[in-house]
Amino acid sequence: MNAEMKKPKKREHLNTWVVVFCIIVAVAVLSWIIPSGTFQYEKIDVNGTVRNVAVPGTYQRIDKSEAMPTGFLGLFASLYSGMVSAADIIFVILTCAATFGVMVKTGAFHAGIGRVMQKLGKRDLILIPVLMVLFGIGGSVFGMLSEFYGFYPLIVGLMIALGYDAMVGFAIVALGEFVGFMAATLNPYTVTVAQSIAGVKLYSALSFRVICFVLFMGIAVTYVIRYALKIRKDPSQSVVLGDPCVHSFDRSKLDEFKFDFRHALILLDVLATLIILMVGLIKLSWGYKELCGLFIIMSSIAAIISGWSVNKYCDELLEGAKGVLWGCVLTGLAKGIVVIMQDAKIMDTVIYFLSNLLNGAPDFLSAQLMLLVQTLINFLIPSGSGQAAVTMPIMAPLADALGLSRQVACLAYQFGDGLSNLLWPTCSIVIVCGLGDVRYDRWLKWFGKLFVILVAAQMIMLQIAVVMGL
């Protein structure tokens with residue numbers, strides 16, 4: 001009895017919802033402490049798109065009576081505001097999970113993955129660098145992020161079936177697309193907007209950014225491969241050990257599914273849907289509405305091919321959606337943080353304060369501090385083009401005063417915005433965690449070391465850019 005009483009209790013980690021709610025509480029308190037203020041904004045045509053761009057030197061304090069700092073009731077009401085604000089994203093998460101849940105239950109993925117395993121044999125590790133580079137090129141060249149949402153269930157399930165875990169599959173897509181987005185070469189949402197506003201020649205320093213892409217992607221690929229090899233050797237080392245995943249495939253059951261004509265038609269249905277989606281998003285300016293519609297059509301066709309009844313199809317849709325409810329609530333919580341800051345009008349104040357910190361900074365630290373500032377600002381403004389519109393009119397002339405080139409200012413923005421998308425709960429990471437059914441706190445635990453490594457690499461490349469006089 002005494003021995004049992006002395007046995008140390010297993011340390012219990014805080015639920016991710018609790019962590020994010022604590023951030024909401026902190027921001028709500030700061031909404032009363034941080035002075036409210038705003039820049040003046042003007043509409044400017046940036047490469048054919050009209051954007052609200054901050055006017056440097058126009059920041060003004062405003063009285064708290066003109067803003068809406070968050071009170072006690074508002075603190076809890078922010079969940080409602082956040083859920084409403086993120087309604088489109090939440091429906092995307094539910095739709096992806098529900099429709100791909102249907103696709104899994106058809107058995108086509110099991111049969112297809114079984115065929116892939118037979119073809120690859122022990123060479124399946126090659127999938128990690130190949131897929132990551134493909135996703136990375138999409139993010140780097142075209143600024144593709146949401147276009148890859150449909151791949152999370154597929155790749156997570158594939159990697160689990162191949163003997164890895166959900167984190168490997170999740171990291172392949174998340175690191176691939178977001179590191180590529182960060183190491184942007186021609187990204188129209190970051191490079192084009194930032195360089196245009198800063199008055200830098202469009203797509204200049206392309207060769208340098210290509211080198212950055214190769215370096216950053218190489219680091220990310222190496223990190224994922226090392227982890228994959230470790231957990232394949234010892235599955236108990238998995239950071240998501242014990243966490244159920246809605247996209248899991250039972251490897252032992254793969255042999256039960258023989259690849260037939262129906263499976264081929266269903267996989268062709270998936271491929272055609274993803275191709276149509278990418279074309280629509282890139283060429284036809286489609287959005288979440290069309291994405292959800294396509295996925296519902298895709299799953300309906302798969303159900304018809306499988307010979308399901310309408311009731312079975314609806315039941316499987318609901319079953320698939322249940323698993324990602326936590327991700328939907330987390331997305332609403334995280335969006336509540338942004339809503340609180342917008343209501344209290346403290347975003348521009350924080351940006352003004354952070355930009356002022358750069359004045360008088362030592363020359364050898366200026367570029368690195370600019371990177372830090374842009375990384376912090378991305379917590380407030382998770383939109384890449386939105387952050388460029390607010391910060392580049394301020395950072396570009398500030399770079400002149402600090403003795404930095406405006407090209408370096410664009411790189412600091414690009415690096416700070418892109419990488420922190422994988423860190424801050426206000427950014428897209430909580431969305432893709434919901435899509436991949438990977439807990440946000442598990443991701444942070446796994447990603448933390450890599451984040452530090454990539455930030456160090458960013459700082460080195462920025463300093464090289466300064467020395468080169470880009």
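Me: Is Asp 441 buried or exposed?

Reply: A residue is called buried when its relative accessible area is under 20%. In this predicted model, Asp 441 counts as buried because its relative accessibility is 18%. The salt bridges that share partners join Asp 441, Asp 243, Arg 439 and Arg 442 into one network.

Me: With which side chain does Asp 441 meet in a salt bridge, and at what N to O distance?

Reply: A salt bridge is read from a side-chain nitrogen of Lys or Arg within 4 Å of a carboxyl oxygen of Asp or Glu. Here the side chain of Asp 441 meets that of Arg 439, at 2.6 Å from N to O.

Me: Which other salt bridge does Arg 439 form with an Asp?

Reply: Arg 439 also forms a salt bridge with Asp 243, and the closest N and O atoms of that pair are 3.8 Å apart. This pair links distant parts of the chain, 196 residues apart. Arg 439 is in the loop between helix H19 (429-436) and helix H20 (440-468), while Asp 243 is in the loop between H10 and helix H11 (261-283).

Me: Why do Arg 439 and Asp 243 count as partly exposed?

Reply: The class lies between the buried and exposed cut-offs, under 20% and over 50%. Arg 439 is partly exposed because its relative accessible area is 30%. Asp 243 falls in that class because its relative accessibility is 24%.

Me: How many salt bridges does the count come to?

Reply: The count comes to 6 salt bridges. One of them pairs Arg 406 with Asp 400, with the closest N and O atoms 2.7 Å apart. Arg 406 is partly exposed, at a relative accessible area of 29%, and Asp 400 is partly exposed at 41% relative accessibility.

Me: Which residues line the largest cavity?

Reply: The lining consists of Thr 190, Val 191, Ala 194, Gln 195, Arg 209, Gln 407, Cys 410, Leu 411 and Gln 414. H9 and helix H18 (406-420) are the elements that give two or more residues to this lining. H18 gives the most, with 4 residues. By class, the cavity lining has 4 nonpolar, 4 polar and 1 charged residues.

Me: How much space lies in the largest pocket, and how many residues line it?

Reply: A pocket, in contrast to a cavity, is an open set of points. The largest pocket holds about 1,200 Å³ of space and is lined by 47 residues. Lys 335, Pro 382, Ser 383, Gly 384 and Ser 385 lie nearest its centre.

Me: Which element gives the largest share of that lining, and what classes of residue are found there?

Reply: The largest share comes from H14, with 7 residues. Among the other elements that give two or more residues are strand E1 (36-38), helix H4 (87-105) and helix H17 (384-402). The lining of the largest pocket has 25 nonpolar, 17 polar and 5 charged residues.

Me: Is Leu 333 buried or exposed, and in which helix is it found?

Reply: Leu 333 is found in helix H14 and counts as buried, because its relative accessibility is 8%. Leu 333 is 171 residues from Leu 162 in sequence, and the two are 34 Å apart in space, C-alpha to C-alpha.

Me: Which residues form a nonpolar patch on the surface?

Reply: Residues qualify for a patch with over 30% relative accessible area and no salt bridge. Leu 186, Leu 202, Tyr 203, Leu 206, Val 210 and Val 214 form such a nonpolar patch, with about 440 Å² of accessible area together. Tyr 203 is partly exposed at 33% relative accessible area, and its place is in the loop between helix H9 (191-198) and helix H10 (206-233).

Me: What is the phi of Ala 205, and where does Ala 205 lie?

Reply: Ala 205 has a positive phi of about 60 degrees although it is not a glycine. Ala 205 is in the loop between H9 and H10. Lys 345, in the loop between H14 and H15, has a positive phi near 55 degrees. Lys 345 counts as partly exposed, at 36% relative accessibility.

Terms used
Residues are numbered from 1 along each chain as its sequence is written. This is a predicted model: local features need pLDDT of at least 70, side-chain atom pairs count only at pLDDT 80 or more; totals for chains, interfaces and linings use all residues. Side-chain values use heavy atoms; hydrogens and water are left out. Patches are made of residues with over 30% relative accessible area and no salt bridge: like charges are joined within 9 Å, nonpolar side chains (Val, Leu, Ile, Met, Phe, Trp, Tyr) within 5 Å. Accessible areas come from the Shrake-Rupley method with a 1.4 Å probe; for residues, only the protein chains shown count as cover. Buried means under 20% relative accessible area, exposed over 50%, partly exposed in between (1.4 Å probe, protein chains only). On a 1 Å grid over the protein atoms alone, a cavity is a set of points where a 1.4 Å probe fits but cannot get out, and a pocket is an open set with protein on both sides within 12 Å along at least five of seven lines; lining residues have an atom within 4 Å of a point. Ala, Val, Leu, Ile, Met, Phe, Trp, Tyr, Cys and Pro count as nonpolar, Asp, Glu, Lys and Arg as charged, and the others, Gly among them, as polar. Grid points are joined across faces, edges and corners, and a volume is the space filled by probe spheres set on the points.
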